[in-house]
Structures are given as structure tokens and as C-alpha cells.
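Thanks for making time this morning.

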Amino acid sequence: MSAFWIILTGSLVAASCGLLGCFLILRRMAMIGDAISHAVLPGIVIAYIFTHSLDSLPMILGATSVGLLATFLIELVHQKGKVQADAAIGLIFTFLFSCGVILISSWTKHIDLDADCVLHGEIAMVPFELWITESGLNLGPIAVWKLSILFLIVVGLIYVGYRPLRLTTFDPQYAAAIGVSTGFWHYLLMGAVSMTTVLSFESVGAILVVAFLVAPPAIAYLLTERLDHMLLISLLAGLISAVGGYALAAALEGAIAGAMTAVLGIEFIFAYCYYVYLRK
Amino acid sequence: MIIQAENPVVEVHNLSVTYHNKPVLWEADFSIPAGNLVGILGPNGAGKTTLIKAIMNLVDPSSGYVKLFDRPLDEVRPRVSYVPQKESVDWDFPTNVLDVVLMGRFGKRGFFRSWTRKDKEIALACLEKVGMQDFQKRQISQLSGGQQQRVFLARSLAQEADLYFMDEPFAGIDAATEDSILKLLLEMRSMGKTLLIVHHDLQSAFEYFDWFVFLNTRLVASGPKAEVFNREILQETYGSKLTLLHTISNLLTKEGLPMRDETDLE
């Protein structure tokens, strides 16, 4: 049973990240996921300081708002400050992350909260944190519930916002010229990325989140020239890596997150060979 | 020399734009009458692109305001269309020609209703007008520069607007395509539409346009061809690019002759 939960968790994270990642890589913002996953730390710490609990909801709210703040600051520094976009990302996320580290080290000394426990979830632990009701009913791992809700939100966003997201990604100037608020869709997307990043790395760890945000869309990008297909292929690539990664980890008795990421790498090599030798 | 139009469709008042405290457009003040093919000309860095971006509210002006059809842009957006430079987007984006042209229908249809048969017919008709009807299913990554340009034009036509701002629609296309696009623009003008076109080539500009806006950060001149297309204004606009001016003044003295006759240019 625990194999099932781990694979399901991996697939859910892969699916949410993969869908959002398609828009990120097309906007040339692939590494924003990495940036946000670190930048949200102060949000999590501040949420903890105010609520004194490790509940998810305040953490998610704190993290998502700081994630949006990070995106806003990156845009601001990039647009108004004449700083390259990638430099702006590096600047803002290290700054916010260090604010988080300072907050943790000076305000929360006696509590079990450190950068590691926020940033490094462990997917192998998912089956052990169960949601058991007061009457003793076992509803399965909490992470699976959270990630399922997240997946529904992400799918809903992309289903409803597919056209405006596509238009503002492809040609933001034209979108603005016909009166579409490019900022609204940008921050909606980034809000979803922040939320996804936080919820996901709490359960599977930061590296796997970054891998899932970038690798499945990059694989799909090489295999198709249609955005709707790209979204589907990136779901499929994520699913394969969740199943294949678990099998690989079981066979080698190694780390699951590492194995899933490695499978993504292998998938990418196949996609790359297809692109270079067959498609052109 | 700035000749103001009566009953203008475009009014630009004291429009200035600065980037990083340097002015790129300085107090432009002019108006454009309806039903004209208008050339926006000036040397590189003269603020031509900035001018139409500022009119479309894509960059924030540091001063001034714009009225289109005597109203602010937000009230008349469906009547206004914008063709960005083709270099402003990533042509490796995973989509096809027809999808890009259909983007021109979002203004009328909105995002959340599916395309009707009419939308598709209009999109296809617009592709036909630019001679790209055989490419509707083609991936945009496989288009040549000239074809990309024509797809952008078709998208803009699909908007069915009355006023068009086009940024370098003739850049990077061959002579045959240029002729067919020009024919299309003239046809649109005869339907009473107004087109403002950023253009880089003075010789063809003289043939194409009937109203000129000459820019060199500040507005040098705006008016009908007969009033403003002359040596002094060109000199003021382009400064010391003498070889070019020499060619043009040759052309001007031989006005009435075919402008592209190579022997005249030699």
C-alpha cells in the first residue's frame, strides 16, 4: 500500500508542476520555481510566528503571498532597475531566503522549524502521516489529500485560463493592446506556482519540485508543437517518472526522489534523441 | 511643420516618453485625419516604435495624452488594432498559423466562449487576404520572416478594426509580398480605415503613404505628403546622412517618374 501512496503523491506533484511548468518554460521563467521555493521561506516563518502552529493553511497563505511578493519584486527590479531577468531572480530569492533564515535563527530557536524541514520534504515519509478521523477511520495520507486539492485547483486554472494564459505567454504586447490584463494572468500563474511549490516540497522535497516544474515540460516541448499536446505529454512524462522512479528506487534500494528525477533525465535523453535525429 | 487635421481620428497631445531618464520621445503633438495611409518615419532610435507603443498604452508616457476617435483608448479598443514587430515574440512557440490569427478574434469574442463558424471564416478570409490560406495548419516555427509578418497582419485584420498601428510590417519581406501587402493596405484605406505604419525605407515611403509623421525624438513634421515631404524636413529628420538625402532629392526633382526605376537612382 505504501508504494501506491508514494507513487500517487509523486504523480500528483508531477502533474501540478508539469502543467504550470509548461507556461513557465514558454515564458522563459523555468528557474522561477527554484527561486520561489526558496523565497517563500520568510512567509512560512512569519506564518509560524503568528499562529504558533505547523498547520498547512497559514503556511500556504504565508508562502503564497511571499511567493507573489518575490515575483513582484523580480519584475520590479528587472523592469525599473535595468537588471537582467535572471540576475533579478537570483538577487530577490537569495535575499528573501536569507530573511527567512535570519527569522528562523533569531525568533524560533526552541522550536522544531528549520530551513531543512521546510525545504526538504521526504516522499518516503508520505505514507506515515495519515489522516485519521476521531472515530478512527483511516483516510489515507494527508499529503495525498492536499496534493489532490492542489491538482484540482491547477487543472481548473488551466482549463479556465488556457486561452488568456496562452495569449499572454505568446504575445504579451498584443494581449495588452487588446485590453487583456497581462499582469493579472502573470500573478495568477505565479500565485499558483507559489502554492504548488510550497505544498509540493513539503511532501516531496525541493529538488524534486524543481525537476517536476522543468523536466516534463522540456521533454514535451521537444516532442510536440501544440500547446495542448505539450500539457498532456508533460502529464504523461511526470506519471512515467513517478512510477518508473519508484520501481528504480525499489530495485536499487535508493532514494525515491532521486530516482524519480533520474528517470526524468533518462526520458529527456530519449526526447532529445527523437528531436535531434527523427523530427528534424 | 505640423499640420493639424480636422476631425482627427488620432490626436496626440504633448506626448513624451523617457527610459531611464533619457527622453526617447519628446512632446509629440499631432493629429491624423481619417482614411489615410500614414507613414511614421525617422532614423533608428527616433522613437517610432515608442510612439505607437505609447499610443497603445504599452509604455507609460511621462507626460501628454492620446485620444482615438475623440475618446481615450480604453473606450474604443475594439476599433483599434496593433501589429507588433515580428521580432517581439518567440516563433518557436508551440502553436499553428490559424490559432495565431484566431487570437485576433479575442477582442470581439472574449476568452471564454468557443469559436463560432463566423470567427473561423473571418480568420480564414484574413489569411487569404495576405496570401497565407495554404498555411493555416502550419506550425509557426516553420514560417519564413515574411510569412510571420503576414500572419501578424492577418491576425490584425481578423480584429475588424477601423484604426491600425503597424510596426514595420514591411521588414524582411520580399518585393512581391511587399506589393501584395501594399495593395491590401490601399484597399483598407479605400474602405475608410486609417493606418499608421512605422516604416524605414524613405524611397518606398514616398510612393506608399499620403500623410507623414517625421520623428527624431521630437516631432519634426506631420502633414500631407505634398506639404511635408521636402528636402528641409528630411534633412532635419535624418541629419547628416547625406548619401541617402542625395538619392531622395534626386527622386524629388524627378517627381512623377517611376520611383523605383533603377536607372534614375544611379
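Before anything else, a word on exposure: a residue is called buried when its relative accessible area is under 20%, exposed when that value is over 50%, and partly exposed in between. Because B:Arg189 has 26% relative accessibility, it counts as partly exposed, and B:Asp210, at 22%, falls into the partly exposed class as well. Please keep in mind throughout that this is a predicted model.

Those two residues form a salt bridge, with the closest N and O atoms 2.0 Å apart. B:Asp210 sits in the loop between α8 and β8 of chain B, while B:Arg189 belongs to helix α7 of chain B, so the pair ties together parts that are 21 residues apart in sequence.

Within it, B:Arg105 pairs with B:Asp119 at 3.0 Å between the closest N and O atoms, and B:Arg109 meets B:Asp119 at 2.7 Å. Are these residues buried or exposed? B:Arg105 counts as buried because its relative accessibility is 1%, B:Asp119 is buried at 0%, and B:Arg109 is buried too. Over all chains, the whole structure holds 15 salt bridges.

Now to the contact between the chains, which takes 33 residues from chain B and 26 residues from chain A. Together the two chains bury about 2700 Å², with 61% of that on carbon and sulfur atoms. On the chain B side, B:Phe93, B:Pro94 and B:Phe111 lose the most area to chain A, together accounting for 25% of what that side buries. Three salt bridges run between chain B and chain A, and B:Asp99 and A:Arg166 meet in a salt bridge at 3.6 Å, N to O. By class, the side of chain B that touches chain A has 15 nonpolar, 11 polar and seven charged residues.

In soluble globular proteins, nonpolar side chains tend to be buried together. Here the largest nonpolar core has 136 residues, and those with the most contacts inside it are A:Ile123, A:Leu167, B:Leu185 and B:Phe214. Helix α1 of chain A gives the largest share of this core, 12 residues. A second, separate core of 36 residues includes B:Val12, B:Ile52, B:Ala54 and B:Val198.

Notes: Residues numbered from 1 in each chain as written. Chains lettered and ligands numbered in written order. Predicted model: local features only at pLDDT ≥ 70, side-chain atom pairs only at ≥ 80, totals over all residues. Heavy atoms only, no water. Core = buried A, V, L, I, M, F, W, Y, C linked by side-chain atoms within 4.5 Å. Buried < 20%, exposed > 50% of the residue type's maximum accessible area, 1.4 Å probe, protein only. Helix = DSSP H or I, 4+ residues; strand = E, 2+ residues; numbered from the N terminus. Contact = heavy atoms within 4.5 Å. Buried area = accessible area lost by both parts, 1.4 Å probe. Salt bridge = Lys/Arg side-chain N within 4 Å of Asp/Glu carboxyl O. Nonpolar A, V, L, I, M, F, W, Y, C, P; charged D, E, K, R; others polar.
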